[in-house]
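Here's a quick briefing to read with the model open beside you.

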Amino acid sequence: MFERFTTSAREVVRGAVKYADDDGGGGTGGGTVGEAELLLALLDRTGTPAADVLTALGAAGRRAAIERDLAAVRRRGGISAEDAKALAGFGIDVEEVVARVEGVHGAGALAGPAVPPRRRGRPLRRPFTREAKSVLERSLRMSVGRGDKHIGDEHLLLALTARPGLAAHVLADHGVTYIQVEQALATHRAKAG
């Protein structure tokens, strides 16, 4: 599958790995590559189909807010703002639960491991979460379904927004949905071709 990845798509995956490793310079530092890391790496791109779409839909200009929202979801152990609202309807205050857990176990207790695993002083290869693997697999299906002979960063963006998940929820909160991405990619293709 990876032989079909364009240079830009490979850069997204490499960037996601860097975000997983970096716990002090704007990265997630979780040690695993998940949807959040893939989304952040996509937001780094310029001059590619996905970058053009994210810019056209306004997500590139809201990067700081998207990063804050991703960090908030991570702090809540993966519970999106939408899920927190739904739980509030049942009388469950997610922020209160998080505060209590952090009071006992320390800040970021629900965010997962902060230190990547190491072997003989070197970081181990970054494992991909089940969700991230699913995004990569879905990007292949998106590519084949569209009749493309490659997997580009646009396919990764489509795959992130195609099904409910961390990235899809955060992007939707910022007005970027699968349908909008599809429409913007069609416009992008029409201009390019």
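**Salt bridges and their surroundings**

Glu 95 is partly exposed, with a relative accessible area of 37%. Keep in mind that this is a predicted model, where local features need pLDDT of at least 70, side-chain atom pairs count only at pLDDT 80 or more, and totals for chains, interfaces and linings use all residues. Residues are numbered from 1 along each chain as its sequence is written, and side-chain values use heavy atoms, with hydrogens and water left out.

A few terms first:

- Buried is under 20% relative accessible area, exposed is over 50%, and partly exposed is in between (1.4 Å probe, protein chains only).
- A salt bridge here is a side-chain nitrogen of Lys or Arg within 4 Å of a carboxyl oxygen of Asp or Glu.
- Helices are DSSP runs (H or I, at least four residues), numbered from the N terminus, and strands are E runs of at least two.

- Glu 95 pairs with Arg 76 in one of them, at 3.5 Å from N to O.
- That pair links distant parts of the chain: Glu 95 sits in helix H6 and Arg 76 in the loop between H4 and H5, 19 residues apart.
- On the Arg 76 side things are buried, at 10% relative accessibility.
- Arg 75 has a salt bridge to Glu 102, with the closest N and O atoms 3.0 Å apart.
- This one also ties together distant parts of the chain, with Arg 75 in helix H4 (residues 63-75) and Glu 102 in helix H6, 27 residues apart.
- Here Arg 75 is partly exposed at 29% relative accessibility, whereas Glu 102 is buried at 16%.

**A bridge between the H7-H8 loop and H10**

- Asp 148 and Arg 189 meet through their side chains in a salt bridge, 2.6 Å from N to O.
- Where do the two partners sit? Asp 148 is in the loop between helix H7 (130-145) and helix H8 (153-162), and Arg 189 is in helix H10 (residues 178-192), 41 residues away, so distant parts of the chain are linked.
- Asp 148 is buried, with a relative accessible area of 13%, while Arg 189 is partly exposed at 36%.
- Back with the other two pairs, salt bridges that share partners join Arg 75, Arg 76, Glu 95 and Glu 102 into one network.

- In helix H9 (residues 166-173), the buried residues are Ala 167, Ala 168, His 169, Val 170 and Leu 171.
- They pack against helix H2 (35-44), H4, H5 and H8; contact means heavy atoms within 4.5 Å.
- Just past H9, Gly 175 has a positive phi of about 80°.
- Thr 161 belongs to helix H8 and is buried, with a relative accessible area of 9%.
- A polar atom of the Thr 161 side chain lies 3.1 Å from the backbone oxygen of Leu 158.
- Setting aside neighbours within four places in sequence, Thr 161 touches Ala 168, Leu 171, Thr 177, Tyr 178 and Val 181.

**A nonpolar surface patch**

- Phe 90, Ile 92 and Val 97 make up a nonpolar patch on the surface, with about 320 Å² of accessible area together.
- Patches take residues with over 30% relative accessible area and no salt bridge, joining like charges within 9 Å and nonpolar side chains (Val, Leu, Ile, Met, Phe, Trp, Tyr) within 5 Å.
- Accessible areas come from the Shrake-Rupley method with a 1.4 Å probe, and for residues only the protein chains shown count as cover.
- Ile 92 lies in the loop between helix H5 (81-88) and helix H6 (94-105), and is partly exposed at 38% relative accessible area.

Terms used:
Polar contact = N/O pair within 3.5 Å; in protein donor to acceptor, adjacent residues only side chain to side chain.
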